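Here is a friendly note to read alongside the picture. Please keep the model open and find each residue as it comes up.

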Amino acid sequence: MESVRKANQRLRNYPILLTKCADKASAYAICVSRDLNVQHKICDAEFKEFLSCIRKSAMELKTKL
């Protein structure tokens, strides 16, 4: 059951990761919600910045995603 404990801990870390990247998440959300007909990869730059921030924050917390 060690794997379940570790998975639960990773899930508990997600809100922390999201708060550390709130500005990037907000920019991505604004981009996606800008138009009702979202085109493929139209917000790719914002998503990559957000993903990079999440990965960096996870490394700082020494956790997996």
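1. Let's begin with a word you will need throughout: buried means under 20% relative accessible area, exposed means over 50%, and partly exposed lies in between (1.4 Å probe, protein chains only).

2. Some ground rules before going on. This is a predicted model, in which local features need pLDDT of at least 70 and side-chain atom pairs count only at pLDDT 80 or more, while totals for chains, interfaces and linings use all residues. Residues are numbered from 1 along each chain as its sequence is written, and side-chain values use heavy atoms, with hydrogens and water left out.

3. Now the overall fold. Helices (H or I, at least four residues) and strands (E, at least two) are DSSP runs, numbered from the N terminus. The chain has 3 helices and 0 strands, giving the pattern α-α-α along the sequence. Its C-alpha trace spans about 45 × 20 × 15 Å along the principal axes. The radius of gyration (taken over C-alpha atoms; the globule rule is 2.2 Å times the number of residues to the power 0.38) is 14 Å, whereas a compact globule of 65 residues would have one near 11 Å.

4. How many disulfides are there? A disulfide is a pair of cysteine sulfur atoms within 2.5 Å, and the count comes to 2 disulfides. One of them joins Cys-21 to Cys-53, with an S to S distance of 2.1 Å. This pair links distant parts of the chain, 32 residues apart: Cys-21 sits in the loop between helix H1 (2-20) and helix H2 (22-33), and Cys-53 in helix H3 (residues 44-61). Both Cys-21 and Cys-53 are buried.

5. Cys-31 and Cys-43 form a disulfide too, with their sulfur atoms 2.0 Å apart. Cys-31 lies in helix H2 and Cys-43 in the loop between H2 and H3, so the pair ties together parts 12 residues apart in sequence. Cys-31 is buried at 6% relative accessible area, and Cys-43 is buried at 5%. If you number the bonded cysteines in sequence order, the pairing reads 1-4, 2-3.

6. Next, look for charged partners. A salt bridge is a side-chain nitrogen of Lys or Arg within 4 Å of a carboxyl oxygen of Asp or Glu, and the whole structure has 3 salt bridges. Arg-5 and Glu-2 meet at 2.5 Å, N to O; both lie in helix H1, 3 residues apart, about one turn of the helix.

7. Where does the salt bridge of Lys-24 and Glu-49 sit? The two side chains meet at 3.9 Å, N to O. Lys-24 lies in helix H2 and Glu-49 in helix H3, so the pair ties together parts 25 residues apart in sequence. Lys-48 forms a salt bridge with Asp-44, the closest N and O atoms being 3.3 Å apart. Lys-48 is exposed, at 52% relative accessible area, while Asp-44 is partly exposed at 24%.

8. Finally, the surface. Patches are made of residues with over 30% relative accessible area and no salt bridge, where like charges are joined within 9 Å and nonpolar side chains (Val, Leu, Ile, Met, Phe, Trp, Tyr) within 5 Å. Leu-11, Tyr-14 and Leu-65 form a nonpolar patch with about 290 Å² of accessible area together (Shrake-Rupley method, 1.4 Å probe; for residues, only the protein chains shown count as cover). Tyr-14 lies in helix H1 and is partly exposed, at 34%.
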